[in-house]
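Please keep the sequence and the model in view while reading.

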Amino acid sequence: IELPARGASSEEACPFCPAGQYNIVTGSTHCNDCPSGKLSSSDRTTCGDCEAGNYVYKKASCELCPNGTYAPTAQVDRCLDCQAGYHTAKPQGATVCSACDAGTYAAQNS
């Protein structure tokens, strides 16, 4: 007995939009790019922001700022460098740089 061929699953026939893209229209034939600095939601129906202390990596994920860098608001592809004489108070995810106290110093990106 030969069974009829099954149709493609919904995910095969209608794949999610690629990372960094979204679509809000039912029955659409394409996806739209998220604006610069935004990333697509997990269901690819909206684009959103990362939190302060993070940067948007390739429109696909939120990454914590590494030591010596900060982001008062989410940044695109990298965080801002602390200037010489300033440092971050925590090793990752800083939102500000703080001035070094008298008698101390910090090179760029400390």
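Ser40 counts as buried because its relative accessibility is 10%, where buried means under 20% relative accessible area, exposed over 50% and partly exposed in between, computed with a 1.4 Å probe on protein chains only. The model is predicted, so that local features need pLDDT of at least 70 and side-chain atom pairs count only at pLDDT 80 or more, while totals for chains, interfaces and linings use all residues. Residues are numbered from 1 along each chain as its sequence is written, and side-chain values use heavy atoms, with hydrogens and water left out.

**Surroundings of Ser40**
- Ser40 belongs to strand β3, residues 39–40, a strand being a DSSP run of E with at least two residues, numbered from the N terminus.
- A polar atom of the Ser40 side chain lies 3.0 Å from the backbone nitrogen of Gly20.
- Contact means heavy atoms within 4.5 Å, and, leaving aside neighbours within four places in sequence, Ser40 is in contact with Pro18, Ala19, Gly20, Gln21, Cys34, Thr46, Cys47 and Lys59.

**The open sheet**
- An open sheet of 3 strands has the order β6-β5-β8 with mixed pairing, and two strands pair if DSSP finds at least two bridges between them.
- The edge strands, each pairing on one side only, are β6 (61–64) and β8 (75–76).
- Strand β5 (residues 54–57) runs antiparallel to β6 and is joined to β6 by 4 bridges, with Tyr57 opposite Ser61 and Tyr55 partnered by Glu63.
- The hairpin formed by β5 and β6 has 3 residues between the strands, and Lys58 in the turn has a positive phi of about 50°.
- On the β8 side, 2 bridges join β5 to β8 in a parallel arrangement, and Tyr55 stands opposite Gln75 there.

**The largest pocket**
- The largest pocket holds about 370 Å³ of space, the volume being the space filled by probe spheres set on grid points that are joined across faces, edges and corners.
- A pocket is an open set of points on a 1 Å grid over the protein atoms alone, where a 1.4 Å probe fits, with protein on both sides within 12 Å along at least five of seven lines, and lining residues have an atom within 4 Å of a point.
- Of the 18 lining residues, Cys14, Pro15, Cys17, Asn23 and Val25 lie nearest the centre of the largest pocket.

**Cys100**
- Cys100 lies in the segment after β11 (98–99).
- Not counting residues up to four places away in sequence, Cys100 touches Gly85, Tyr86, His87, Tyr105 and Ala106.
- The C-alpha atoms of Cys100 and Ala84 are 9.4 Å apart, with 16 residues separating the two along the chain.

Note on methods
Polar contact = N/O pair within 3.5 Å; in protein donor to acceptor, adjacent residues only side chain to side chain.
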